[in-house]
Amino acid sequence: MGMRVSIQTEDFDLGAEVARLREANKGVGAVCSFIGTVRDRNDGQSVSTMELEHYPGMTEKSIEAMIDEAHQRFDIFGARVIHRVGLLQPLDQIVLVAVTSAHRGQSFQACEFLMDYLKTQAPFWKKEQTPEGARWVDARVSDDAALARWGIQARNS
């Protein structure tokens with residue numbers, strides 16, 4: 001299978017990414033994908049832009065470890081994670097998580113697991129521009145709770 005993790009400034013194409021993921025195994029019977037996008041509101045305030053930063057090398061290594069964990073927990077064939085960095089506008093795509101397996105249940109679970117892990121554990125920092133100025137986005141308690149249901153203690157709690 002090709003590359004599993006990409007951190008990039010450019011947008012991505014869901015159809016092309018899923019096609020590459022599927023061609024790796026003719027036993028694929030299910031593909032589950034999630035795309036996160038920039039909202040124009042957060043915590044009751046208008047958001048004009050979001051800027052994402054990361055530690056090159058460390059971020060990819062962390063996400064690769066998440067995918068390895070998903071392979072251990074679920075009967076999946078492949079996974080692909082793309083996360084954008086840099087300055088993004090409302091409606092821009094931020095993240096793609098796609099998973100293949102023989103059956104839908106394993107794909108759904110692994111996709112949700114990866115997204116929960118990614119949301120809380122991957123080393124990304126988000127800064128939003130609001131009418132009141134710039135603000136850093138903190139981890140949410142609900143994100144930590146989502147990770148806890150997989151038996152993983154969030155490092156930010």
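Predicted model: local features only at pLDDT ≥ 70, side-chain atom pairs only at ≥ 80, totals over all residues.
Aromatic contacts were examined next. A search of the whole structure returns 5 aromatic pairs. For Phe-74 and Trp-150, the ring centres are 5.8 Å apart and the planes stand at 85°; because planes over 60 degrees apart count as edge-to-face, the pair is assigned to that class. Phe-74 is located in the loop between helix 2 (58-73) and strand 6 (76-84), whereas Trp-150 is located in the segment after helix 4 (141-148), so the contact ties together parts 76 residues apart in sequence. Both Phe-74 and Trp-150 are buried. A further edge-to-face pair is formed by Phe-113 and Tyr-117, with 5.7 Å from centre to centre and 85° between the planes. These two residues both lie in helix 3 (residues 104-121), at a separation of 4 residues, about one turn of the helix. Phe-113 and Tyr-117 are likewise buried. Ring pairs link Phe-74, Phe-113, Tyr-117 and Trp-150 into a cluster.

The structure also contains 9 salt bridges. One of them joins Asp-68 to Arg-4, with the closest N and O atoms 2.7 Å apart. Since Asp-68 lies in helix 2 and Arg-4 in the segment before strand 1 (5-8), this pair ties together parts separated by 64 residues in sequence. Asp-68 is partly exposed, its relative accessible area being 38%. Arg-4 and Asp-68 are linked with Glu-64 in a network of salt bridges.

Glu-17 takes part in salt bridges with Arg-20 and with Arg-80. In the bridge to Arg-20, the closest N and O atoms are 2.8 Å apart; Glu-17 and Arg-20 both lie in helix 1 (residues 14-22), 3 residues apart, about one turn of the helix. Glu-17 counts as buried at 9% relative accessibility, while Arg-20, at 46%, counts as partly exposed. In the bridge to Arg-80, the closest N and O atoms are 2.8 Å apart. Arg-80 lies in strand 6 and Glu-17 in helix 1, so this pair ties together parts 63 residues apart in sequence. Arg-80 is buried, as is Glu-17.

Note on methods:
Residues numbered from 1 in each chain as written. Heavy atoms only, no water. Phe/Tyr/Trp six-rings, centres within 6.5 Å; stacked < 30°, edge-to-face > 60°. Buried < 20%, exposed > 50% of the residue type's maximum accessible area, 1.4 Å probe, protein only. Salt bridge = Lys/Arg side-chain N within 4 Å of Asp/Glu carboxyl O.
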